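Reader: I have a new structure open and would like to go through it. Can we take it one piece at a time?

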Amino acid sequence: MIKVEDVHKSFGDEEILKGITTKFDKGKTNLIIGQSGSGKTVLLKCLIGLFKPEQGRIYYEENAIQDMDDEQQRKLREEIGMLFQGGALFDSMNIEENVMFPLRMFTKQKKSDMVARVNEVLKRVNLENVNKKFPAEISGGMQKRVSIARAIVNKPKFLFCDEPNSGLDPKTATLIDTLIQEITHEYDITTVVVTHDMNSVMEIGEKVVLLKHGKLVWQGTNQEIFKTDNEDVTSFVYSSDLFKKIREVQLKEG
Amino acid sequence: MKYLQDIGSYFLMLKKVFGSFTKRSVLKHLIFKEIDDLIIGSLGIVAFISFFVGGVVAIQTALNMDNPIIPESLIGFATRQSVILEFAPTFISIIMAGKVGSFITSSIGSMRVTEQIDALEVMGINSLNYLVFPKIVALMFYPFVIILSMFLGILGGWVAAVYGGFSSSAAFIEGVQQDFIPYQLFYAFFKTCVFAFILATVPSWQGFYMKGGALEVGKASTNSFVWTSVLIIASNYIITQLLLS
């Protein structure tokens with residue numbers, strides 16, 4: 001579980017996060033949604049420690065990240081898996097080396113054990129026979145799956161995903177979403193996904209947090225998001241033609 | 001003001017490079033890879049340039065000797081002095097600022113743009129130690145490149161002088177051995193080590209702290225070459241003033 005209390009973050013004179021308070025539950029896919037520039041990625045980067053908030057506290061389980069010394073933060077980061085928007089695979093390494101990277105850095109396993117674990121997670125993300133290929137030689141969707149494999153190879157307690165299906169076709173995007181949700185349940189981890197994709201919200205949003213201009217304006221489940229009268233939610237959800245039409249049908253049918 | 005900030009950030013980077021070390025087995029692998037990329041990969045161009053510039057120095061010296069009192073051995077002497085004191089350590093380092101420096105900046109800059117450095121940080125890895133320290137260690141082998149350059153520069157001078165008909169082999173070799181001061185070798189290698197450190201760290205700083213996209217990677221590579229060259233030339237002047245004057 002991750003708890004966020006009154007987090008503020010500014011860049012220069014511009015305040016990006018204006019007092020965010022929420023909780024991300026263990027064993028659930030928690031989604032942070034909002035329009036571009038709403039502060040989603042900044043909040044994510046505060047959660048993983050790449051940005052330091054000026055005010056507020058972020059708790060991992062019961063421990064505030066602000067109270068941890070460098071060594072404790074380093075230990076915590078070993079328990080974090082991260083899926084970046086572009087995959088962030090290391091160009092100079094092949095797929096096997098990329099996925100094996102956290103094991104090489106943080107464990108003392110034998111190479112054969114590490115290779116076995118790499119094959120296991122690659123199989124889990126439906127990728128086989130790609131071990132010796134380089135990131136540039138595989139598709140964007142495959143890169144995302146390799147990135148998920150790298151994120152989970154060291155059995156993390158927390159998984160963060162920054163726009164996991166951006167730039168992917170709808171079918172592959174659904175596949176990635178489903179994979180993230182399955183892994184969350186299977187490993188019983190706390191997953192936080194930043195997205196602005198309403199399909200993701202519908203498919204995997206077990207908890208949804210909506211940000212607008214750096215403020216948290218609504219939170220609930222993906223079932224509740226279609227029932228609420230909150231104006232910020234409706235203007236975000238029904239901004240696409242598809243969802244507008246669904247809304248019209250819903251209203252007609254009462 | 002920005003220059004002061006940049007200088008401060010460069011020294012802070014150096015502090016972080018030597019803090020929180022990466023796992024030894026991983027570091028060893030990275031160092032070998034950097035030696036291959038930065039040192040072995042540069043030998044060809046260094047050898048080519050050194051041989052021919054050594055030849056040109058010998059020919060230029062010979063063509064400017066129109067007084068019959070000046071002995072032929074001066075060609076070998078001038079070639080040795082030019083190659084050992086300036087050409088090999090300084091001129092080759094400027095070339096390396098273009099080859100190795102822009103490679104370092106663009107590779108680290110690309111990692112910044114594609115969030116690979118963020119990925120390292122999220123995993124709790126000291127990305128500066130992981131990326132920059134192996135380059136510093138690899139460039140500690142840079143003096144061997146300069147030894148090769150010195151040897152091939154003088155060899156090129158000998159080939160040009162002897163086969164160009166400017167000097168006899170014996171006279172050239174006599175000139176190479178004439179008035180040899182070992183301290184000058186110390187001076188040459190001392191400044192080579194300083195240049196090696198500049199070559200490893202300034203381009204790394206340019207790449208690591210760049211902001212933006214692919215276009216900015218290109219700009220950072222250009223800046224890297226400019227600033228590495230400026231620092232090499234400036235430190236060359238200071239070291240020469242301190243050690244030789």
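Author: What follows goes through the two chains and then the contact between them. Keep in mind that this is a predicted model.

Reader: Fine. How many helices and strands does chain A have?

Author: Chain A has nine helices and 10 strands. Its radius of gyration is 19 Å, close to the 18 Å from the globule rule for 254 residues, so chain A is as compact as a globular protein of that length.

Reader: What box do the C-alpha atoms of chain A fill?

Author: Roughly 60 × 45 × 30 Å, taken along the principal axes. Of the 254 residues in chain A, 39% are buried.

Reader: On to sheets. What is the strand order in the open sheet of six strands?

Author: In chain A the order is β6-β7-β8-β3-β9-β10, and the pairing is mixed. At the edges are β6 and β10 (215-220) of chain A, each of which pairs on one side only. From one strand to the next, the twist averages 15°.

Reader: Take β3 and β8 of chain A. Do they run parallel or antiparallel?

Author: Parallel: strand β3 (residues 29-33) of chain A is joined to strand β8 (residues 190-195) of chain A by five bridges. For Asn30(A), the bridge partner in β8(A) is Val192(A).

Reader: What about β1 and β4 of chain A, parallel or antiparallel?

Author: Antiparallel. Five bridges join β1 (residues 2-11) of chain A to β4 (residues 55-60) of chain A. Glu5(A) has Arg57(A) as its bridge partner in β4(A).

Reader: Which strands form a hairpin?

Author: β4(A) and β5(A) do, with two residues between them. Strand β5 of chain A covers residues 63-64 and runs antiparallel to β4(A), with two bridges joining them. Tyr60(A) has its bridge partner in β5(A), namely Asn63(A).

Reader: And the turn? Which residue there has a positive phi?

Author: Glu61(A), with a phi of about 55°.

Reader: Change of topic: chain B. How many helices and strands?

Author: The secondary structure of chain B comes to 10 helices and zero strands. Its C-alpha atoms fill a box of roughly 70 × 40 × 35 Å along the principal axes.

Reader: How much of chain B is buried?

Author: Buried residues are 42% of the 245 in chain B.

Reader: And contacts in the chain? What share join residues at least 24 apart?

Author: For chain B, 88% of the contacts between residues at least 6 apart in sequence join residues at least 24 apart. In chain A, the share counted in that way is 67%.

Notes:
Residues numbered from 1 in each chain as written. Chains lettered and ligands numbered in written order. Predicted model: local features only at pLDDT ≥ 70, side-chain atom pairs only at ≥ 80, totals over all residues. Pairing = 2+ DSSP bridges. Helix = DSSP H or I, 4+ residues; strand = E, 2+ residues; numbered from the N terminus. Axes fitted to C-alpha atoms, helices over the stretch in contact; angles between N-to-C directions. Rg over C-alpha atoms; globule rule 2.2 N^0.38 Å. Buried ≥ 20, exposed ≤ 12 C-beta atoms within 10 Å, placed from the backbone. Contact = placed C-beta atoms within 7 Å.
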